[in-house]
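These are my notebook entries on what I looked up in the structure shown here.

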Amino acid sequence: MDIKTIEGIVGSQFVWAILFVILSIAVLSYLKNENAKREEMLENAQKEQKSEAERRFNELKEESRDREDKLMANQERFVESLGQISKSVEGLNQAFNGLQNDHSSLAREVSHLRNQIKN
């Protein structure tokens, strides 16, 4: 081949069009591969985030259960304490009523003795 033929081939729009198509296909193929890699990385990151979120949710759920159990145990002790306080107050009330009755009896007897002394 001589130089004029090579220059004619190189100067031909058909050759440049073929090169452009080949280059376009190569670039599109490269971009498709890169996009697939990025998509896979994003999917993996999303799966990791989802599993981390589920793990954290389960931890918080367990902590919440523990807190609730402790609160319920504390509430039960509180209710028992209130029951004991109620019984103690009831006993004090009965003792106070007994003292009032004794005081009333003594007051009547003192009054009766005063009346006897005056008479």
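Entry 1, salt bridges of Arg55. In this predicted model, I looked up the pair Arg55 and Glu52 and found that their side chains form a salt bridge, with N to O at 2.3 Å. Both residues belong to helix α2, where they are three residues apart, about one turn of the helix.

Glu59 has a relative accessible area of 31% and is partly exposed. Through shared partners, salt bridges join Glu52, Arg55, Arg56 and Glu59 into one network.

I recorded the contact between the side chains of Lys37 and Glu34, a salt bridge with an N to O distance of 3.8 Å. These two residues also lie in helix α2, three residues apart, about one turn of the helix. For the structure as a whole, I noted five salt bridges.

I asked which residues gather in a patch of negative charge on the surface. They are Glu63, Asp66, Glu68 and Asp69. I looked at Asp69 in particular and placed this residue in helix α2. Asp69 has a relative accessible area of 51% and counts as exposed, because the cut-off for that class is over 50%.

I also looked up a nonpolar patch on the surface, formed by Leu23, Val27, Leu28, Tyr30 and Leu31. Together these residues have about 520 Å² of accessible area. Tyr30, one of the residues of this patch, lies in helix α2, which covers residues 13–118. With a relative accessible area of 52%, Tyr30 is exposed.

I then looked up the extent of the C-alpha trace, which spans about 165 × 20 × 15 Å along its principal axes. The radius of gyration of the protein chain is 50 Å, whereas a compact globule of 119 residues would have one near 14 Å.

I asked what share of the 119 residues counts as buried. The value is 0%. The protein chain exposes about 11,400 Å², and carbon and sulfur atoms supply 59% of this area. Finally, I noted 17 positive and 20 negative charges in the protein chain, with their mean positions 7 Å apart.

Definitions and conventions. Residues are numbered from 1 along each chain as its sequence is written. This is a predicted model: local features need pLDDT of at least 70, side-chain atom pairs count only at pLDDT 80 or more; totals for chains, interfaces and linings use all residues. Side-chain values use heavy atoms; hydrogens and water are left out. The radius of gyration is taken over C-alpha atoms; the globule rule is 2.2 Å times the number of residues to the power 0.38. Buried means under 20% relative accessible area, exposed over 50%, partly exposed in between (1.4 Å probe, protein chains only). Accessible areas come from the Shrake-Rupley method with a 1.4 Å probe; for residues, only the protein chains shown count as cover. Lys and Arg count as positive and Asp and Glu as negative; His and the chain ends are not counted. The place of a charge is taken as NZ of Lys, CZ of Arg, CG of Asp or CD of Glu. Patches are made of residues with over 30% relative accessible area and no salt bridge: like charges are joined within 9 Å, nonpolar side chains (Val, Leu, Ile, Met, Phe, Trp, Tyr) within 5 Å. A salt bridge is a side-chain nitrogen of Lys or Arg within 4 Å of a carboxyl oxygen of Asp or Glu. Helices (H or I, at least four residues) and strands (E, at least two) are DSSP runs, numbered from the N terminus.
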